[in-house]
Amino acid sequence: MSAHSAGEVVYEVTLDLDGDIADEYLQWLRAHIAEICALPGFLGADLHETLEPSAPDGRVGVCVQYRLRDQAALEDYLREHAPRLRADGMARFGGRFNASRRVLRTLPR
């Protein structure tokens with residue numbers, strides 16, 4: 001099974017936030033998600049609160065799952081847009097959050 005197979009992919013970003021910035025970060029994040037979803041190849045996104053595993057005391061966990069047309073659209077985003085968009089979050093919130101990412105593809109039933 002190739003990572004470059006045709007079909008929709010999910011780009012998942014899991015965030016661990018300092019509780020003191022959570023409200024401000026989430027306000028920024030909603031606008032950030034809208035900006036990303038306006039890019040070519042994006043089909044939409046869902047924002048989730050992470051329930052399990054629970055965030056440590058003083059932290060808030062959230063997860064964004066972006067749906068993209070295909071792997072090529074994700075590669076274009078990562079090459080052309082991700083560095084600038086990630087830098088914006090770092091400039092605003094510095095080391096007060098951590099992000100991890102993974103890419104998923106739905107398998108046929």
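**Reading salt bridges and a pocket**

Modeller: Asp-18 is buried, its relative accessible area being 17%. Keep in mind that the model is predicted.

Colleague: Why does Asp-18 count as buried?

Modeller: The cut-off for buried is under 20% relative accessible area. Asp-18 has 17%, so Asp-18 counts as buried.

Colleague: Which residue forms a salt bridge with Asp-18?

Modeller: To read a salt bridge, look for a side-chain nitrogen of Lys or Arg within 4 Å of a carboxyl oxygen of Asp or Glu. Here the partner of Asp-18 is Arg-96, and their closest N and O atoms are 3.2 Å apart. This pair links distant parts of the chain: Asp-18 sits in strand E1 and Arg-96 in the loop between H3 and E4, 78 residues apart. Arg-96 counts as partly exposed, at 34% relative accessibility.

Colleague: How many salt bridges does the structure hold?

Modeller: There are 10 salt bridges in the structure. One of them joins the side chains of Arg-59 and Asp-16, with 2.8 Å from N to O. Arg-59 belongs to strand E3 and Asp-16 to strand E1, so this pair ties together parts that are 43 residues apart in sequence. Arg-59 is partly exposed at 25% relative accessibility, and Asp-16 is partly exposed at 22%.

Colleague: How many residues apart are Arg-92 and Asp-88 in helix H3?

Modeller: They are 4 residues apart, which means a separation of about one helical turn. Arg-92 and Asp-88 form a salt bridge, with their closest N and O atoms 3.0 Å apart. At 52% relative accessibility, Arg-92 counts as exposed, whereas Asp-88 is partly exposed at 27%. Salt bridges can also share partners: in this way Asp-18, Asp-20 and Arg-96 are joined into one network.

Colleague: Turning to the pocket, which residues lie nearest the centre of the largest pocket?

Modeller: Those are Val-13, Tyr-25, His-32, Arg-86 and Arg-101, out of 18 residues that line the largest pocket. Two or more lining residues come from each of strand E1 (9-18), helix H1 (22-37), strand E3 (59-68), helix H3 (82-93) and strand E4 (97-105). H1 gives the largest share of the lining, 5 residues. The space in the largest pocket is about 210 Å³.

Colleague: How many nonpolar, polar and charged residues are in that lining?

Modeller: By class, the lining has 14 nonpolar residues, with 2 polar and 2 charged ones.

Key:
Residues are numbered from 1 along each chain as its sequence is written. This is a predicted model: local features need pLDDT of at least 70, side-chain atom pairs count only at pLDDT 80 or more; totals for chains, interfaces and linings use all residues. Side-chain values use heavy atoms; hydrogens and water are left out. On a 1 Å grid over the protein atoms alone, a cavity is a set of points where a 1.4 Å probe fits but cannot get out, and a pocket is an open set with protein on both sides within 12 Å along at least five of seven lines; lining residues have an atom within 4 Å of a point. Grid points are joined across faces, edges and corners, and a volume is the space filled by probe spheres set on the points. Ala, Val, Leu, Ile, Met, Phe, Trp, Tyr, Cys and Pro count as nonpolar, Asp, Glu, Lys and Arg as charged, and the others, Gly among them, as polar. Buried means under 20% relative accessible area, exposed over 50%, partly exposed in between (1.4 Å probe, protein chains only).
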